[in-house]
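Subject: Structure handover

Hello,

Here is the structure I promised you. Please open it and keep it beside this email as you read.

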Amino acid sequence: MRKYLIAGLLVWMPLGITFLVVRAIVDFLDRSLLLLPQAYQPDNLIGFHIPGFGVVLAVVMVLTTGMIVANLLGRRIVAAWESLLARIPVVRNLYAGIKQVLEAVLAADGKSFRKVLLIEYPRKGVWSLAFMTSDDLGEVQEKTAGDVVSVFIPTTPNPTSGFVLMVQRAEVIEMDMTVEEGLKMIISMGVVVPKFNKDKLINSVKVDKS
């Protein structure tokens, strides 16, 4: 009975949690329909509610905004908008910080959150998974007189919080696993371990030695 119960939970719990998360996201995005005039809202046009129209509207809004700001006129509009925000004491710091983080993470050629690292933390002999966030640390790089990288160590099971450390590049081990695999391992508290190809490691060692 215990085996059957666990087998059933492994089928239904992931499905149920996935459904609840997706529904919460869809319900949140459906609120964007309130931006439309009441007469043009889908619920009033067709007479009943269909989940997902908000997702379509959000995607269209983001794509349209991207198309507008990609040209010269759009960039001038954004520059004028940011110039206005820069005059508001609290808002300017918050807006600038959020924008810098998103630009670093979402940039196609950026290095943030592209590599999974293994570092000895919180003490020697104890290893933690981390993500490299930057290898260009400016003043930190100069004053430490070494090749330093910035890493983010997420907490378990909530990876949105954690610690930012500056460590010597020689003291980190670069992993072959992807960022998605690293996040799965952290969120699952080490239960979900990505597959590792030992032959690939042996071949790379042979190449290095040659």
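**Ground rules**

This is a predicted model: local features need pLDDT of at least 70, side-chain atom pairs count only at pLDDT 80 or more, and totals for chains, interfaces and linings use all residues. Residues are numbered from 1 along each chain as its sequence is written, and side-chain values use heavy atoms, with hydrogens and water left out.

Two terms come up throughout. Helices (H or I, at least four residues) and strands (E, at least two) are DSSP runs, numbered from the N terminus. A residue is buried under 20% relative accessible area, exposed over 50%, and partly exposed in between (1.4 Å probe, protein chains only).

Start with strand 3, residues 148-154. It is mostly covered: seven of its seven residues are buried. In a regular strand, side chains alternate between the two faces of the sheet. Here both faces are covered. One side holds Val 148, Ser 150, Phe 152 and Pro 154. The other holds Val 149, Val 151 and Ile 153.

Which strands pair with strand 3? Pairing requires that DSSP finds at least two bridges between two strands. Strand 2 (residues 127-134) runs antiparallel to strand 3, and three bridges join them. Met 132 has Val 151 in strand 3 as its bridge partner. Strand 4 (residues 162-168) also pairs with strand 3 in the antiparallel sense, over seven bridges. There, Val 149 is partnered by Val 167 of strand 4.

Pro 122 sits in the loop between strand 1 (116-120) and strand 2. The peptide bond from Tyr 121 to Pro 122 is cis, with omega near 10 degrees. Pro 157 sits in the loop between strand 3 and strand 4. The bond from Thr 156 to Pro 157 is cis, with omega near 0 degrees.

Now find Met 189. Its place is the loop between helix 7 (179-187) and helix 8 (198-209). Is Met 189 buried or exposed? Met 189 is exposed, with a relative accessible area of 62%. Its phi is positive, about 60 degrees, although Met 189 is not a glycine. Met 189 and Pro 157 are 32 residues apart in sequence, and their C-alpha atoms are 6.4 Å apart in space.

A nonpolar surface patch of about 560 Å² is made by Leu 5, Leu 9, Met 13, Ile 17, Val 21 and Ile 25. Patch residues have over 30% relative accessible area and no salt bridge; like charges are joined within 9 Å, nonpolar side chains (Val, Leu, Ile, Met, Phe, Trp, Tyr) within 5 Å. Areas come from the Shrake-Rupley method with a 1.4 Å probe, and for residues only the protein chains shown count as cover. Met 13 lies in helix 1 (residues 2-30). Met 13 is partly exposed, at 45% relative accessibility.

Helix 4 (residues 72-85) has 14 residues. From first C-alpha to last it reaches 20 Å, close to the 20 Å expected at 1.5 Å a residue. The expected span is 1.5 Å times one less than the number of residues. Asn 71 caps the N-terminal end of helix 4, with a side-chain oxygen 3.2 Å from the backbone nitrogen of Leu 73.

**Salt bridges**

A salt bridge is a side-chain nitrogen of Lys or Arg within 4 Å of a carboxyl oxygen of Asp or Glu. How many salt bridges does this rule give? The count comes to six.

- Lys 99 and Glu 82 meet at 2.1 Å, N to O. Lys 99 lies in helix 5 (residues 89-106) and Glu 82 in helix 4, so the pair ties together parts 17 residues apart in sequence.
- Lys 115 bridges to Glu 174, with the closest N and O atoms 3.8 Å apart. This pair links distant parts of the chain, 59 residues apart: Lys 115 in the loop between helix 5 and strand 1, Glu 174 in strand 5 (residues 172-174).
- Glu 139 and Lys 143 meet at 2.6 Å, N to O. They are four residues apart in helix 6 (residues 139-144), so about one helical turn separates them.

Finally, salt bridges that share partners join Asp 135, Asp 147 and Arg 169 into one network.

Best wishes

How values were computed: A polar contact is a pair of N or O atoms within 3.5 Å; within protein, one must be able to donate a hydrogen and the other to accept it, and residues adjacent in sequence count only if both atoms are side-chain atoms.
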